[in-house]
Amino acid sequence: MKMKKVKMMYCKKCRKHTEITVSIAKKKERGSLKKGSIARLEKRGSGKAGFGNKGKFSRKAISAWKRTGAKSSKKQDLRFKCKECGKMMVQNKGFRTKKLELV
Ligand SMILES: [Zn+2]
């Protein structure tokens, strides 16, 4: 899908329609010491809490019980920047595309 780099959109800060520039946000690695990462590790059994093996040893390959690779399209993380005030906005509803091109 092709999308315009510059378009008119409502800016909450300016309270009117202004020209905004569209960009795709770069993917950031999540830190391994963040709260969610530690909670996930504990759930998977790498932490100290809990009983049992947490499915560490009695589980087939992930492709056998989870629908991995079922979807071929992705939602992009779009950022909109107002040209007048410089306010950055995120999209409130994403859409699926295989390929997104900013023209
Ligand atoms: Zn603005």
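A residue is counted as buried if 20 or more other C-beta atoms lie within 10 Å of its own, the C-beta atoms being placed from the backbone. By this criterion, buried residues make up 2% of the 103 residues in the protein, which is described here from a predicted model.

The secondary structure of the protein comprises two helices and eight strands, and the elements follow one another from the N terminus in the order β-β-β-α-α-β-β-β-β-β. The radius of gyration of the protein is 21 Å, well over the 13 Å that the globule rule gives for 103 residues, so the protein is more spread out than a compact globule. Taken along the principal axes, the box filled by the C-alpha atoms has dimensions of roughly 55 × 30 × 20 Å. As for the range of the contacts, among those with a separation of 6 or more, 58% are between residues 24 or more positions apart.

Four of the strands form an open sheet, in the order β2-β3-β5-β6 and with antiparallel pairing. Because β2 (6–11) and β6 (88–90) stand at the edges, each has a single partner strand, and one side of each is left without a neighbour in the sheet. From one strand to the next, the twist of the sheet averages 45 degrees.

L78 and M89 are eleven residues apart along the chain, and their C-alpha atoms are separated by 8.7 Å.

V90, by contrast, belongs to the edge strand β6. V90 is exposed, because 10 other C-beta atoms lie within 10 Å and a residue with 12 or fewer is assigned to the exposed class. V90 and T68 are 22 residues apart in sequence, and the distance between the two, C-alpha to C-alpha, is 28 Å.

Definitions and conventions: Residues are numbered from 1 along each chain as its sequence is written. This is a predicted model: local features need pLDDT of at least 70, side-chain atom pairs count only at pLDDT 80 or more; totals for chains, interfaces and linings use all residues. Two strands pair if DSSP finds at least two bridges between them. Axes are lines fitted to C-alpha atoms, for helices over the stretch in contact, and angles run from 0 to 180 degrees between N-to-C directions. The radius of gyration is taken over C-alpha atoms; the globule rule is 2.2 Å times the number of residues to the power 0.38. Two residues are in contact if their C-beta atoms, placed from the backbone, lie within 7 Å.
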